[in-house]
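Colleague: I am new to this structure and would like a close look at a single part. Please take one residue as the starting point and work through what lies around that part of the chain.

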Amino acid sequence: MESPAAVRPERTWETSRLRAKPAAVEDAQVVFEEYASDPDVAKYMTWTPHRSVTETEDFLKRCERVWSDGSAYPWSLWRKQDGAFVGLLEIRVTPCAVNLGYALVRRGWRLGPMSEALLPVVHWALAQPTIHRVWATCDVENLASARLLERVGMEREGVLRRWLVHPNLSDTPRDCFCYSIVR
């Protein structure tokens, strides 16, 4: 069986409206201003809003490191029309599955860019011979994320009780929906 590191996605790719590239420290200022410091974006995340661009730089250094070592593949997403930053999407590859996570800048909510970004990633993952499952979780109160996962073909498997701490909501683990698509 192929090792997870052997299943490597393209570094860059495009959809009709978006360009994806590996998340990079050079983009720290815009990522901080439009995403990482926004309490509404961070609400259901496992991180708190960044208080300084230095925190965002540290996060993006981690993104560069995990891409290099093959433990995760975080992309920053950019609108082709005007080059505006849209959000981040990350996959983590294990021997038979891909787990994904994402967050979108507030001005992109309900406009479809994350559905557009997730669809080709899900299709790519399921086209890999060793990958049989693509999955994600979201807080049970994050209904917009639940609808997004359903739009890209995932089915709700159930509730993972006390699964993750979402520090902007609680100091203790919260229930999360688990979604997947399998082949």
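Modeller: E55 sits in helix α3. This is a predicted model. E55 counts as partly exposed because its relative accessible area is 27%, which falls between the 20% limit for buried and the 50% limit for exposed. Its C-alpha lies 9.6 Å from that of S37, although 18 residues separate E55 and S37 in sequence.

Helix α1 covers residues 28-36. Its buried residues are A28, V31, F32, Y35 and A36. These residues lie on the same side of α1, because they cover an arc of only 115° around the axis. An α-helix has 3.6 residues a turn, so residues three or four places apart point the same way. Helix α3, residues 53-69, is among the elements that cover the buried residues of α1. The cover also includes α2 (39-42) and the strands β4 (85-93) and β5 (97-104).

Next come the nonpolar cores. The largest has 36 residues, and those with the most contacts inside it are W75, L89, I91, L100, V134 and M154. Among the elements that each supply at least two residues of this core are β4, β5 and α4 (113-127). Helix α4 gives the most, with eight residues. A second, separate core has 14 residues, including A36, V41, L88 and V105. A36 is also one of the buried residues of α1.

Note on methods
Residues are numbered from 1 along each chain as its sequence is written. This is a predicted model: local features need pLDDT of at least 70, side-chain atom pairs count only at pLDDT 80 or more; totals for chains, interfaces and linings use all residues. Side-chain values use heavy atoms; hydrogens and water are left out. Buried means under 20% relative accessible area, exposed over 50%, partly exposed in between (1.4 Å probe, protein chains only). Helices (H or I, at least four residues) and strands (E, at least two) are DSSP runs, numbered from the N terminus. The arc is that of the directions from the helix axis to the C-beta atoms. Contact means heavy atoms within 4.5 Å. A nonpolar core is a set of buried Ala, Val, Leu, Ile, Met, Phe, Trp, Tyr and Cys residues joined through side-chain atoms within 4.5 Å.
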